[in-house]
Amino acid sequence: MHAISWEVSGSQGLETAWVQLGEGVLRARGRAVGTVPEPYWISYALETGDGFVTRRLTVTAETGDGARELDLRHDGQGGWTANGEPLPAVDGALDCDLGLCPLTNTMPVLRHGLHREPGEREFLMAWVSVPDLAVRPSRQTYTHLGPGRVRYASGDFRSDVEFDEEGYVLDYPSLATRLTAR
């Protein structure tokens, strides 16, 4: 297990994740503090199954209004629940995407080797907004631009993201920049 830290310009905050990467599997726990859209603290745990497919994301968010929790689960067959309630709007998604968290860009990039090999893939994500922890469907496209460079696009937003050899974000313009080496 190793730690990765980012300065998260999108939240005007910081994030550290303790990550364990195995053959097709990722496990992580992390903490983030941000001030946009309001001051908050986030704690999360992420676990994937084979092929870096999300199995579970648990998140606790604390704001001035108190704490809220999310237990987001993928059943391995395309179905999702949030705190035990079905989420049909994201059925078929393979990945979660925790808002303002550069770590969750890793799973689709690793699954398809997009940081190393040509290709373009469109995904449906179970996107979790921060700090309210609402889960919404998000269509995202990842396009290989060259070694370690992938264009992320969702709606009208685009960013050319730099990844290290292992598939972790180094620089995500307008979102985050790595602070520590792996």
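Colleague: Is Asp132 buried, partly exposed or exposed?

Modeller: Burial is read from relative accessible area: buried means under 20%, exposed over 50%, and partly exposed in between (1.4 Å probe, protein chains only). Asp132 is partly exposed, at 38%. Its place is in the loop between β10 and β11 (135-146), where strands are DSSP runs of E of at least two residues and helices are runs of H or I of at least four, numbered from the N terminus.

Colleague: What should I keep in mind about the model itself?

Modeller: This is a predicted model, in which local features need pLDDT of at least 70 and side-chain atom pairs count only at pLDDT 80 or more, while totals for chains, interfaces and linings use all residues. Residues are numbered from 1 along each chain as its sequence is written, and side-chain values use heavy atoms, with hydrogens and water left out.

Colleague: How many residues does the largest nonpolar core have?

Modeller: In soluble globular proteins, nonpolar side chains tend to be buried together. A nonpolar core is a set of buried Ala, Val, Leu, Ile, Met, Phe, Trp, Tyr and Cys residues joined through side-chain atoms within 4.5 Å. Here the largest such core has 49 residues, and Ile42, Tyr44, Leu57, Leu72 and Leu103 have the most contacts inside it. Strand β10 (residues 120-128) gives the most to this core, with five residues.

Colleague: Which residues does Tyr44 touch?

Modeller: Contact means heavy atoms within 4.5 Å. Setting aside residues up to four places away in sequence, the partners of Tyr44 include Glu15, Ala28, Arg31, Leu57, Val59, Leu98 and Leu103. For a second case, take Phe123 in strand β10. Phe123 is buried, at 8% relative accessible area. Beyond its neighbours within four places in sequence, Phe123 is in contact with Asp95, Pro108, Arg111, His112, Ser138, Arg139, Gln140 and Tyr142.

Colleague: Which residues line the largest cavity?

Modeller: On a 1 Å grid over the protein atoms alone, a cavity is a set of points where a 1.4 Å probe fits but cannot get out; a pocket is an open set with protein on both sides within 12 Å along at least five of seven lines; lining residues have an atom within 4 Å of a point. Grid points are joined across faces, edges and corners, and a volume is the space filled by probe spheres set on the points. The structure holds one cavity of 30 Å³ or more, and the largest has a volume of about 70 Å³. Among its lining residues are Val8, Glu15, Tyr40, Ile42, Tyr44, Cys101 and Val130. Strand β4 (residues 40-48) gives the most to that lining, with three residues.

Colleague: Where does the largest pocket lie, in terms of residues?

Modeller: Its lining has 14 residues, with Asp97, Gly99, Leu100, Trp127 and Leu175 nearest the centre. The space in this pocket is about 240 Å³.

Colleague: How many salt bridges are there?

Modeller: A salt bridge is a side-chain nitrogen of Lys or Arg within 4 Å of a carboxyl oxygen of Asp or Glu. A search of the whole structure finds eight. One joins Asp164 and Arg178, at 2.9 Å from N to O. Asp164 lies in the loop between β13 (157-163) and β14 (169-172) and Arg178 in strand β15 (residues 176-178), so the pair ties together parts that are 14 residues apart in sequence. Both Asp164 and Arg178 are buried. Another joins Arg151 and Asp160, with the closest N and O atoms 2.6 Å apart. Arg151 is partly exposed at 33%, and Asp160 is partly exposed at 29%. Arg56, Asp71 and Arg73 are linked in a network of salt bridges.

Colleague: Which backbone features deserve a look?

Modeller: Most residues other than glycine have a negative phi, and most peptide bonds are trans. A cis peptide bond joins Val36 and Pro37, with omega about 10 degrees, and a cis bond also joins Val130 and Pro131. Phe52 has a positive phi, near 60 degrees, and is buried at 9%. Ser174 has a positive phi near 75 degrees, and is exposed at 53%.
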